[in-house]
Amino acid sequence: MNQEKLGFFTLSFLLILSLALGRFVVEKNNLKVTSPDSIKGIYECAIGNFGVPQYGGTLVGTVVYPKSNQKACKSYSDFDISFKSRPGRLPTFVLIDRGDCFFTLKAWIAQQAGAAAILVADNKVEPLITMDTPEENKSDADYLQNITIPSALITKSLGDSIKSALSGGDMVNMKLDWTESVPHPDERVEYELWTNSNDQCGKKCDTQIEFLKNFKGAAQILEKGGHTQFTPHYITWYCPEAFTLSKQCKSQCINHGRYCAPDPEQDFTKGYDGKDVVVQNLRQACVYRVMNETGKPWVWWDYVTDFAIRCPMKDKKYTKECADEIIKSLDIDLKKVDKCIGDPEADVENPILKAEQESQIGKGSRGDVTILPTLVVNNRQYRGKLEKGAVLKAMCSGFQESTEPAICLTEELETNECLENNGGCWQDKAANISACRDTFRGRLCECPTVQGVKFSGDGYTHCRASGALHCGINNGGCWRETRGSYTYSACVDDHSNGCKCPVGFKGDGVKSCEDVDECKEKTVCQCPECKCKNTWGSYECSCSNGLLYMREHDTCIGSGKVGTTKLSWSFLWILIIGVGVAGLSGYAVYKYRIRSYMDAEIRGIMAQYMPLESQPNPSGPHHMDI
């Protein structure tokens, strides 16, 4: 037993040593001190790997350095200290000294006292480090998932400067800024989750499984909509060559020591072995690969959550048989999955696990992956609580502004700045049109496009519909009025952008168009017999003595009384009939002359070939013998 434990600790030490040699990148955000002038400036701080960092946002507050309990290892209520903000006062950032207790406990105690965020001042001069959660066997971690405030580690020099300013009576105000903590280059977020199928690693395993269940729905919506590209990953280690034939390596590794995982129970004598975890991790990676090739990578979420529920280690169902049942129920090609897994006992490389080991090495701005679970968003390691809302905030901050999917614009994740005073942007309340566009990071003032009609302007003070069909949107912003059955509009539905009062009106075309009194201005109906009456948008003109008004010529036609008018009409009809008869007669004469002309022509042609009887013969009678 002692030898087995010694082997376990030896192997564990080697695995930990391999992690320590990795390149670890501290994820940072900006801290901007706005007052006093003596320390005003922008500083870097390290994001704590717990709580809820406000990814994509900012938080403004005033700094307090308590006179007692400055390391925050005891409850502030024991010292009658409270950091709860009063109405109209800025949130409180508590400055805490490093040392004596876990970072997470400091955050939890400060949160209970009403702090909005904590700043942990380092106690020695060194580069910034990441404040992480404690190991399970070192602390009662039940409070970890209840930490909701953000935390940041600052350098000793900055901490001393803040303390000096506060002791001198200055108010220290600052802004924590996470807007650039996650790159946001385009409309798609690429993220990775480094996870594990092991469910017996204590609180971290429980938190990871709970996250997978809760985040599955959002992850699948984002993936199906093409908003994200998700890739799961699994950490494995190799067994040092000197130990490949040892009992410990054989029980914790597959493929002759190439791919290993720690014993789930940390006891080689009972339960499942590390190699069981490696095989199940490989199976999950193969499920993703097979479904990704079929265009349905989101099925991975269904498989891993079902496996966690149906095949737990405590029920002794952490087996291939249980996994295969789930694979079949989800209509995944089992043969392809088994082929992808290969033979764990063979002394060969497994291409999937080899690629996973290579991916563990950091590239660019991302450090080596050494902690499970680890979330990477747009090649930046996520820091904070592994919880649906907190992770969604980080992911939503990775979209280019104004390209965020609807799930990022819910009340749970961000504040809609367009709801208050329309975000300071232009709006047309009558048409219910606004230039304010809510985004995860804030708001944009951009003239909109409505029903295919583009509005143009600065988005803040004015937007005007332009182009064809613009009159269909609030009448193009032009004047329009209806009286009775008549409607007039100053909008011209073409590519012009202005407003012009229609004929019969005058004005600016935007706010008003007034009726033109054509009768009063004597522009129409001015003949001696004309009687003018103004109407809205037009006029009516009649003639005296029963005459007819010709609007095109602005004149009255006809004379005399009604009887004379009737006689005139009779004469007009006689004239029309006479013209018709003359026309028909002319046509008949024309046809006769054409016929005579054609007959003469035909006779002339025939006379050239045979004499006609009616034509005289100059040589007298002539007989032809036959």
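**Entry 1: two helices**

I began where Q280, R283 and V287 of helix α6 meet K320, A323, D324 and I327 of helix α8. I sorted the residues of this contact by type: 3 are nonpolar, 1 is polar and 3 are charged. I note here that the model I am reading is a predicted one.

Next I looked up the extents. Helix α6 covers residues 274-293, and helix α8 covers residues 320-329. How far apart are the axes of α6 and α8, and at what angle do the helices pack? The axes are 11 Å apart, and the angle is about 15°. Angles under 35 degrees count as roughly parallel, so α6 and α8 are roughly parallel to each other. I also checked the hand of the crossing of α6 and α8, and it is right-handed.

**Entry 2: strand β6**

I moved on to strand β6, residues 151-154. Which strands pair with it? I found β2, residues 41-47, which pairs with β6 in the antiparallel sense over 2 bridges. I also found β5, residues 117-121, which runs parallel to β6 and is joined to it by 4 bridges.

I then picked out single partners. A46 has L153 in β6 as its bridge partner. L119 has A152 in β6 as its bridge partner.

Where do the side chains of β6 point? S151 and L153 point one way, while A152 and I154 point the other way. In a regular strand the side chains alternate between the two faces of the sheet. Are these four residues of β6 buried or exposed? I read S151, A152, L153 and I154 as buried.

Most residues other than glycine have a negative phi, and most peptide bonds are trans.

Which residues does a cis peptide bond join? I found S35 and P36, with omega at about 5°. P36 sits in the loop between β1 (28-35) and β2.

K316 is not a glycine, yet its phi is positive, about 55°. I placed K316 in the loop between α7 (299-310) and α8. K316 has 69% relative accessibility, so it counts as exposed.

N432 also has a positive phi of about 55°, and it is not a glycine. I traced N432 to the loop between β14 (427-428) and β15 (433-434). Is N432 buried or exposed? N432 is exposed, because its relative accessible area is 72%.

Technical notes
Residues numbered from 1 in each chain as written. Predicted model: local features only at pLDDT ≥ 70, side-chain atom pairs only at ≥ 80, totals over all residues. Heavy atoms only, no water. Axes fitted to C-alpha atoms, helices over the stretch in contact; angles between N-to-C directions. Parallel < 35°, antiparallel > 145°, perpendicular 65-115°, else oblique. Left-handed = near helix turned anticlockwise from the far one by under 90°. Contact = heavy atoms within 4.5 Å. Nonpolar A, V, L, I, M, F, W, Y, C, P; charged D, E, K, R; others polar. Buried < 20%, exposed > 50% of the residue type's maximum accessible area, 1.4 Å probe, protein only. Pairing = 2+ DSSP bridges.
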